[in-house]
Each structure stands twice: as C-alpha cells, then as structure tokens.
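Subject: Structure handover and notes

Hello,

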Amino acid sequence: MAPKGVWQTISRFLYDVEPEFVDSKYFCAAARKRGYVHNLPIHNRFPLLPLHPHTIHEALPLTRKWWPAWDMRTKLNCLQTCIASAKLTERIRKALEAYEGEPPLAVQKFVLEESRKWNLVWVGRNKVAPLEADEMEMLLGFPRNHTRGGGISRTERYRSLGNSFQVDTVAYHLSTLKDLFPGGINLLSLFSGIGGAEVALHRLGIRLKTVVSAEISEVNRSIMSCWWEQTNQTGNLIHIADVQHLTADRLEQLVKMYGSFDLVVGGSPCNNLTGSNRHHRDGLEGKDSSLFFDYCRILDVVKSLASRYR
DNA sequence: CGGAACATGACCCCTGAA
DNA sequence: TTCAGGGGTCATGTTCCG
C-alpha cells in the first residue's frame, strides 16, 4: 500500500528485481504484508521448526475464554508501532455492558471495526485490550523478553517491535543459505532494528562470522548486543550508528579486516510510505524513507568490493 | 451481456501536541 | 505517556451504458 510508483522505483534501483510480496499471516498469527526484493534462491526453502502458532487462539490461548462467537477473526492485523488508547477500550466495554448476551449488530460492527483497526484481543467479559509487548515479541518470532529490560521504555518497546521483521517469514526466505554457506556468513545488516535478520539466521543454524550492523537507535543497538551476548555468539559484532557513516572507505576497511560480505539485508524506513502517517507521507523522497537510496549505494560498494577481495 | 465507471470497505513498520 | 487525527491504495461490489 505504498504510494503509486514506489515499488517500481525500488525495483529500478535494485537491478530491476521484482519484489516478492509475502504476507506473514502464512507464518504466524498476524498479518504483515511486505515486498521482499531479493536475489536468494527460491527452491527448497524451509520454515523454522517448530512451526509458529497460526491462529490467534493458538498464539494467545488465554483469550479463548472471552472471545465472543460473533468475532470471527482468526488472524491479527499488522502489528504497528502504536496501540489503542485506554479511552477506546473503555468506550467499547461500556458499549457492550449495556446488553445482556449478544449485543445488537450495530454494536458488534463498531467493536469489530475498532478491534481490527487496533488489533484488540479479548481479555475479560466485555473487555478488549491491545497486545502486550511480550505478546508482540512472541508473534514476531523473537525469544521471550528479547526487547525487555536495558532501560527501554514501554513506548520505545512498542515502536521497536512495530518496526521489526517477522522472524519466521524472513527465516523462510534466508533458509536456502544454510547449504550454500556451511561455514557461516559475513553479514552486513542495515537498519537492523532489534535484529530480526540476525535472529532468523541464528535460528536457522547459520553461523554469524562477522556482523556489521547499522542502526540509528541506541536502545535497539543495546538489545542486539544483549542478544549477541546471551546466545554465546562466536563471531564479531560491529555496530555502526548510522548507515550514512558507511562510506566506501569505511566499507573497504571492514572488508579488508573481516573478509567480504556474503549477505546484505535490511528494511529501510517506511514511515513516509505508510498510510498510517497522516503528516509526512512523502513517498520514497521523504526524510526517512529516502535512506533507501543509501541501501542501494552501499549495496553497490559491497558488490564491487566483493569482486576485488575474493 | 460485457465492460467501464463509480461506490464502498478494509487496511496501514504513524506524527505532533499536550 | 497519552491521545486524537486522514487519506491513499487496492479489492470487491454495484450501477450504468452502449
């Protein structure tokens, strides 16, 4: 749902590769429609095991007790960076409380519309609530408490999670690298966030030799460091605070030191593309989304370095 | 009857102000 | 931390017209 022409431009800057459009609802209990522009093999891809829960009821069994029959949702909508206000959930509770048993159709419609819009789940009699950060973490395929602690605030946590990859989805696409790189890979991870790609590769059993990770948010960098520490990684993790610091010289320096990169991965900011943005939906040229062009610049440099340092 | 034109509904990795 | 807040895009359904 990016503005018209954005996907065409993205492909044009990425060697005319067409995006593979994938909805994460086939990998977990929440939708996440994304276009992945990649040059990975597509034969013999395999999912992470054990398979992730595919329905709301499997993923959040405690909600089953309170889930009314007239709410037919089996999948959540896309997990976003913001959650519903307490006022809204209170308004919904009041609207439902006025009736014994099934509410009239108009009320059902209102409640369902708002529940879909804000991804509300049933947590009590006549009571809906937004997802907890823990639950989002689980739905996105991260280890429990991945984004917890380290002084991260509640709102920052929601933001980081809402901006992340869905791990199982990305892992499926990266799975073919396991046979291609039995000794592990050198990874250049741009806009790493909370490390969705890294977690996916780790879960696939692909050794991370050297990871160069560019991420602007300090809390996200610290989340990644903690994970790196806790999973007893044997490789090197190098943080870069800003993709714009990854100049050709800096990249050459890194390649000389650690060897050339086997994989470049990243999702550049989409906040100027999404419909949820009321103020600055400026398309690919927007302040943040234009960092996509840095991705292209860096990819070009990495490709030429790979041919020189083989 | 086929297709163009139009209406409706669902969805969305959110920002700014208080 | 909390809240209020619009609109573009696509899919689907409906009307209209030759």
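This is a predicted model: local features need pLDDT of at least 70, side-chain atom pairs count only at pLDDT 80 or more; totals for chains, interfaces and linings use all residues.

Residues are numbered from 1 along each chain as its sequence is written, chains are lettered from A and ligands numbered from 1 in the order in which they are written, and side-chain values use heavy atoms, with hydrogens and water left out.

Salt bridges

Searching the whole structure gives twelve salt bridges (a side-chain nitrogen of Lys or Arg within 4 Å of a carboxyl oxygen of Asp or Glu). One of them joins Arg-73 to Asp-71, at 2.8 Å from N to O. Arg-73 is buried at 7% relative accessibility, and Asp-71 is buried at 3% (buried is under 20% relative accessible area, exposed over 50%, partly exposed in between, with a 1.4 Å probe and protein chains only).

Glu-252 and Arg-308 form another, with their closest N and O atoms 2.9 Å apart. Glu-252 belongs to helix α11 (residues 248-258) and Arg-308 to helix α12 (residues 292-308), so this pair ties together parts 56 residues apart in sequence. Helices here are DSSP runs of H or I with at least four residues, numbered from the N terminus. Glu-252 is buried at 19%, whereas Arg-308 is exposed at 53%.

Within α12, Asp-294 and Arg-297 are three residues apart, or about one helical turn. Their salt bridge has its closest N and O atoms at 2.9 Å. Asp-294 is buried at 14% and Arg-297 partly exposed at 30%.

A network of salt bridges links Glu-90, Arg-93, Lys-94 and Glu-97.

Helix packing

The axes of α3 (residues 86-97) and α4 (residues 105-118) come within 10 Å and cross at roughly 155°; axes are lines fitted to C-alpha atoms over the stretch in contact, and angles run from 0 to 180 degrees between N-to-C directions. The two helices are therefore roughly antiparallel (an angle over 145 degrees).

On the α3 side of the contact (heavy atoms within 4.5 Å) are Leu-88, Ile-92, Ala-95 and Leu-96, which meet Val-107, Phe-110, Val-111, Glu-114 and Trp-118 of α4. These residues divide into eight nonpolar, no polar and one charged.

Regards

Conventions:
Angles under 35 degrees count as roughly parallel, over 145 as roughly antiparallel, 65 to 115 as roughly perpendicular and the rest as oblique. Ala, Val, Leu, Ile, Met, Phe, Trp, Tyr, Cys and Pro count as nonpolar, Asp, Glu, Lys and Arg as charged, and the others, Gly among them, as polar.
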